[in-house]
Amino acid sequence: MTNDNPTTQDRDVVDVLTADHQAMLDLLQDMRQATHAEHRRDTADTVIAEIVRHSVAEEMHVYPAMKEHLPNGAEEVEHDIQEHDELDEVMKRLEDVPADDGRFMQILEELEAHLRHHISDEEDEQFPKLREHIPAAQLRKMGEQVEHAKRIAPTRPHPNAPSSQLYHKTVGAGVGMVDRLRDTLANRKTD
């Protein structure tokens with residue numbers, strides 16, 4: 001078990017992913033309170049990038065461990081991948097709507113509902129199982145792997161891309177590099 005404020009070295013994958021969840025929810029709150037369309041767009045691009053990086057890192061390093069170590073892990077992974085696909089579809093729609101369009105806030109609310117459901121599944125059900133069934137040292141190593149994966153992962157939703165460890169490890173870094181180049185050229189905020 002970890003303490004309430006783990007140092008960077010002590011953080012395990014559950015700490016890393018939980019911190020990601022809170023950062024995403026904070027960004028959504030910031031976006032909801034924004035009074036300027038440009039700030040909403042920049043924040044939307046950042047939250048989209050965060051969700052995509054988080055999802056890719058989970059698919060690369062967390063889901064294989066869930067399949068291997070958790071009772072009904074394969075079924076839980078399939079459920080999570082379906083939720084990631086739903087998030088990708090909503091994020092793609094959000095990406096395509098101007099921030100001053102009335103639909104923008106409706107899509108944002110839909111994104112937040114999907115995200116909160118997914119977070120609840122993970123934090124209330126799966127994360128305790130990870131800590132119960134996987135040794136602490138392995139959870140810390142997974143945390144490091146997730147942090148590394150997020151640095152090279154794509155920053156845009158790719159709804160037609162496979163949600164597999166092999167795809168993300170072989171093609172994902174290249175897609176991430178192209179996404180970051182596109183972000184730079186478009187002056188898109190992703191951090």
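This is a predicted model: local features need pLDDT of at least 70, side-chain atom pairs count only at pLDDT 80 or more; totals for chains, interfaces and linings use all residues.

Is Glu 110 buried, partly exposed or exposed? With a relative accessible area of 30%, Glu 110 is partly exposed, where buried means under 20% relative accessible area, exposed means over 50% and partly exposed lies in between, using a 1.4 Å probe and protein chains only.

Residues are numbered from 1 along each chain as its sequence is written, and side-chain values use heavy atoms, with hydrogens and water left out.

On confidence, pLDDT is the predictor's confidence in each residue, from 0 to 100, and the chain averages 84, with 75% of the residues scoring at least 70. Confidence is lowest in helix 6 (residues 165-185), at a mean of 52, and highest in helix 4, at 95; helices here are DSSP runs of H or I with at least four residues, numbered from the N terminus.

Back to Glu 110, which forms a salt bridge with Arg 93, the closest N and O atoms being 2.4 Å apart. By salt bridge I mean a side-chain nitrogen of Lys or Arg within 4 Å of a carboxyl oxygen of Asp or Glu, and by this rule the count comes to 13. This pair links distant parts of the chain, with Glu 110 in helix 4 and Arg 93 in helix 3, 17 residues apart; Arg 93, at 37% relative accessibility, also counts as partly exposed.

What, then, surrounds Lys 150? Lys 150 lies in helix 5 (residues 136-152) and, at 12% relative accessibility, counts as buried. Leaving aside neighbours within four places in sequence, Lys 150 is in contact, meaning heavy atoms within 4.5 Å, with Val 16, Asp 20, Arg 53, His 54 and Ala 57. The side chains of Lys 150 and Glu 147 meet in a salt bridge at 3.4 Å, N to O, and a network of salt bridges links Arg 11, Asp 20, Glu 147 and Lys 150.

Asp 20 brings us to helix 1, in which the buried residues include Asp 20, Val 13 and Leu 17, and the buried residues of this helix pack against helix 2, helix 4 (102-133) and helix 5.

Finally, the largest nonpolar core has 44 residues, and those with the most contacts inside it are Val 62 and Leu 130; such a core is a set of buried Ala, Val, Leu, Ile, Met, Phe, Trp, Tyr and Cys residues joined through side-chain atoms within 4.5 Å. Helices 1, 2, 3, 4 and 5 each supply at least two residues of this core, and helix 2 gives the most, with 12 residues. Not counting residues up to four places away in sequence, Val 62 touches Val 13, Leu 17, Ala 57, Leu 130, Met 142 and Val 146.
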